[in-house]
Every structure is written in C-alpha cells, then in structure tokens.
Amino acid sequence: MNILVINGPNLNLLGTRETKIYGHESLDEIMTWLENSIEGLNHNFKFYQSNSEGDLINIMQDERQWAKGILINAGALSHYSYAIADTITSIKVPAIEIHLSNTDNREEFRKKSVLKDVCIKTIKGLGKHSYLEGLKYLENI
Ligand code: DQA
C-alpha cells in the first residue's frame with residue numbers, strides 16, 4: 001500500500017522539543033523506525049513535514065492519486081485547521097489522525113480536534129507507536 005505520512009508544525013523539532021512529552025528521538029529516527037518495522041516493510045512510504053498549513057494541504061492534494069492511506073500528525077493544526085479537515089474530506093483517501101502525546105490529558109485547547117470526524121480513526125498517546133498502530137489500522141481496512 002502507498003502510505004503518505006504527513007507531519008505538521010514543530011514536529012521537525014522532535015528530539016529537542018519538550019522531551020518529557022515527546023521523547024528524545026528525532027522525526028527522522030521515528031520515520032525510519034516506522035518504515036523499517038515488520039509492518040512498514042510491506043508498504044511504500046512518502047514522508048513530508050512542513051510548518052506551513054498550505055504546504056500540508058498542497059502535499060495531500062498532489063499525492064491524492066498516489067496515496068492509498070494517510071497518517072497525519074498535524075500538530076497544533078489538528079485543533080483548529082478546518083482547511084486541513086476539508087482537504088482530508090475532499091481527497092477521499094482514508095486518513096488516520098496521529099498524536100504522540102495523549103492530548104486528552106494536556107491543556108484544554110488540545111482536547112478538541114477538528115480532524116477527528118474526517119479521519120477514520122484517531123490514535124494518540126503511544127509515542128512513536130501511534131504511527132505504527134495507525135499503519136496497522138490502515139492495513140485492516
Ligand atoms: C501533537 C499534539 C499537539 O497538540 C501539538 O501541538 C503537537 C504534537 C502530538 O503529536 O502529540 O505539535 O500533535
């Protein structure tokens with residue numbers, strides 16, 4: 001399966017950013033781990049990270065024919081980007097909302113996700129394993 005992995009704002013700082021919450025691994029290390037996992041070896045991946053909402057939208061539009069599934073950690077945009085929610089609805093590629101941290105146990109504003117209803121599943125709070133569990137979910141649909 002062709003899997004598009006989208007990471008949004010500030011996820012490029014993983015490894016140095018709020019390490020008590022997000023851990024010590026960089027985004028590259030986590031993406032490499034995912035790609036080389038037993039499950040990952042069965043799939044083709046494209047990985048993108050951007051701090052810009054428009055870039056994330058353009059990438060999903062551009063890759064909509066290629067991608068058969070999307071894992072998206074939109075970072076803080078998950079909580080308010082109706083534009084990204086509209087993109088996910090419009091391109092009709094099954095998407096899983098991913099979070100490293102458990103956003104339900106953090107600040108109030110993180111409890112709301114505008115992507116929840118347009119994604120087929122949300123997986124959060126498992127650190128890098130959130131991506132892997134998202135991949136497994138995509139495999140089973
Ligand atoms: C995050 C949670 C978001 O609230 C936050 O803005 C992030 C990372 C996570 O992976 O836990 O940037 O999406």
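This note walks through a few places in the structure, point by point.

1. **Before you start.** This is a predicted model, in which local features need pLDDT of at least 70, side-chain atom pairs count only at pLDDT 80 or more, and totals for chains, interfaces and linings use all residues. Residues are numbered from 1 along each chain as its sequence is written, and side-chain values use heavy atoms, with hydrogens and water left out.

2. **Helix 3 and its buried face.** Let's begin with helix 3, residues 53–62, where Leu56, Ile57, Ile59 and Met60 are buried. Buried means under 20% relative accessible area, exposed means over 50%, and partly exposed lies in between (1.4 Å probe, protein chains only). Helices (H or I, at least four residues) and strands (E, at least two) are DSSP runs, numbered from the N terminus. Why do the buried residues of helix 3 line one face of the helix? Seen down the helix axis, they fall within an arc of 160°, so they line one face; the arc is that of the directions from the helix axis to the C-beta atoms.

3. The partners of the buried residues of helix 3 are strand 1 (2–7), strand 2 (44–49), strand 3 (69–73) and helix 4 (82–91). Contact here means heavy atoms within 4.5 Å.

4. **Met60 in detail.** Met60 belongs to helix 3 and counts as buried because its relative accessibility is 0%. Leaving out residues up to four places away in sequence, Met60 touches Leu4, Ile6, Ile70, Ile72, Ile84, Thr87, Ile88 and Ile91. Look at Ile91 in particular: it is 31 residues from Met60 along the chain, yet their C-alpha atoms are separated by 7.7 Å.

5. **Asn7 in strand 1.** Asn7 sits in strand 1. Is Asn7 buried or exposed? With 1% relative accessibility, Asn7 counts as buried. Neighbours within four places in sequence aside, Asn7 is in contact with Leu27, Met31, Tyr48, Gln49, Ser50, Leu56, Asn73 and Tyr131. You have already met Leu56 as one of the buried residues of helix 3.

6. **Around the ligand.** Which residues surround the ligand? They are Pro9, Arg17, Tyr22, Asn73, Gly75, Ala76, His79, His99, Leu100, Ser101, Thr103 and Arg110, where a residue is near a molecule if one of its heavy atoms lies within 4 Å of it. By class, this shell has 4 nonpolar, 6 polar and 2 charged residues. For that count, Ala, Val, Leu, Ile, Met, Phe, Trp, Tyr, Cys and Pro are nonpolar, Asp, Glu, Lys and Arg are charged, and the others, Gly among them, are polar.

7. An N or O atom in the side chain of Ser101 is 2.6 Å from an oxygen atom of the ligand. For His79, a polar side-chain atom lies 2.7 Å from a ligand oxygen, and for Ala76 a backbone N or O atom lies 3.0 Å from a ligand oxygen. Taken alone the ligand exposes 320 Å², and the protein buries 99% of that. A polar contact is a pair of N or O atoms within 3.5 Å; within protein, one must be able to donate a hydrogen and the other to accept it, and residues adjacent in sequence count only if both atoms are side-chain atoms. Accessible areas come from the Shrake-Rupley method with a 1.4 Å probe; for residues, only the protein chains shown count as cover.

8. **His43 in a loop.** His43 lies in the loop between helix 2 (27–35) and strand 2, and at 13% relative accessibility it counts as buried. Its side chain reaches the backbone nitrogen of Met1 at 3.3 Å. Beyond residues up to four places away in sequence, His43 touches Met1, Ile3, Leu135 and Glu139.

9. **Two backbone angles to check.** Most residues other than glycine have a negative phi. Asn10, although not a glycine, has a positive phi of about 75°, and Glu18, also not a glycine, has a positive phi of about 35°. Asn10 is in the loop between strand 1 and helix 1 (19–22), and Glu18 is in the loop between strand 1 and helix 1. Asn10 counts as partly exposed at 35% relative accessibility, and Glu18 counts as partly exposed at 41%.
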